[in-house]
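Welcome! Have the sequence and the 3D view open, and work through the exercises below one step at a time.

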Amino acid sequence: NQMVKGYVRHKVADFDKWKAVYDQHDSTRKEFGCKKSEVFRNAQNPNEVLVVTEWENKEQAAKFDGSASLKTAMQNAGVVSAPEFSFAE
C-alpha cells in the first residue's frame, strides 16, 4: 500500500506566526489521518512555504485540504496567497 504525498504551497505574512499555528494544528492533521508532515521555506522568499504531508490515501488528504478546520487555521496563521494543493503517488 503506497503512501500519498500532499503538497501545499502558499505565501504567509510572517513565517514565525504561521509556524506556531501550523504546529498547534498538528493534532487535527493526525485526526484526519496524516502520517507525516514537513515544512520547507523558499530560499529566495522565506515567507513562501511548502508543506509536504504523507497520507494512506488521496481521499484522506483531499478531505483535510477541503476542511473548514484547515481554512480557519490558514486564516489565523496569516496565509496571504491562495494555497496550491497537489498530490503525488
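**Exercise 1. Find the ring that lies under arginine 41.**

Step 1. Arginine 41 lies over the face of phenylalanine 15, at 3.7 Å from the ring centre. A charge sits over a ring if NZ of Lys or CZ of Arg is within 6 Å of the ring centre and within 35 degrees of the ring normal.

Step 2. Look next at tyrosine 22: arginine 29 lies over the face of this ring, 3.8 Å from its centre.

Before you go on, a note on the model: it is predicted, so local features need pLDDT of at least 70 and side-chain atom pairs count only at pLDDT 80 or more, while totals for chains, interfaces and linings use all residues. Residues are numbered from 1 along each chain as its sequence is written, and side-chain values use heavy atoms, leaving out hydrogens and water.

**Exercise 2. Describe how the rings of tryptophan 18 and tyrosine 22 are arranged.**

Step 1. A search of the whole structure finds four aromatic pairs. The centres of the tryptophan 18 and tyrosine 22 rings are 5.0 Å apart and their planes are at 25 degrees, so this pair is stacked. Rings of Phe, Tyr and Trp (its six-membered ring) pair if their centres lie within 6.5 Å; planes under 30 degrees apart count as stacked, over 60 as edge-to-face and the rest as tilted.

Step 2. Tryptophan 18 and tyrosine 22 are four residues apart in helix H1 (residues 15-24), separated by about one helical turn. Helices (H or I, at least four residues) and strands (E, at least two) are DSSP runs, numbered from the N terminus.

Step 3. Both residues, tryptophan 18 and tyrosine 22, are buried. Buried means under 20% relative accessible area, exposed over 50%, and partly exposed in between (1.4 Å probe, protein chains only).

Step 4. Ring pairs also bring in Phe15, linking Phe15, Trp18 and Tyr22 into a cluster.

**Exercise 3. Work out which residues of the largest nonpolar core have the most contacts inside it.**

Step 1. This core has 17 residues, and those with the most contacts inside it are Val12, Trp18, Val49 and Val51. A nonpolar core is a set of buried Ala, Val, Leu, Ile, Met, Phe, Trp, Tyr and Cys residues joined through side-chain atoms within 4.5 Å.

Step 2. At least two residues of the core come from each of H1, strand E3 (48-55), H3 and helix H4 (68-77).

Step 3. Zoom in on valine 12: leaving aside its neighbours within four places in sequence, its contacts (heavy atoms within 4.5 Å) include Trp18, Val49 and Val80.

**Exercise 4. Trace the network that joins Arg9, Lys11 and Glu48.**

Step 1. Side chains of opposite charge can pair when their charged atoms come close. The structure holds seven salt bridges, each a side-chain nitrogen of Lys or Arg within 4 Å of a carboxyl oxygen of Asp or Glu.

Step 2. Glutamate 48 forms a salt bridge with arginine 9, with the closest N and O atoms 3.5 Å apart. Here glutamate 48 in strand E3 is linked to arginine 9 in strand E1, 39 residues apart.

Step 3. Lysine 11 and glutamate 48 also meet in a salt bridge (3.6 Å, N to O). Lysine 11 lies in strand E1 and glutamate 48 in strand E3, so this pair ties together parts that are 37 residues apart in sequence.
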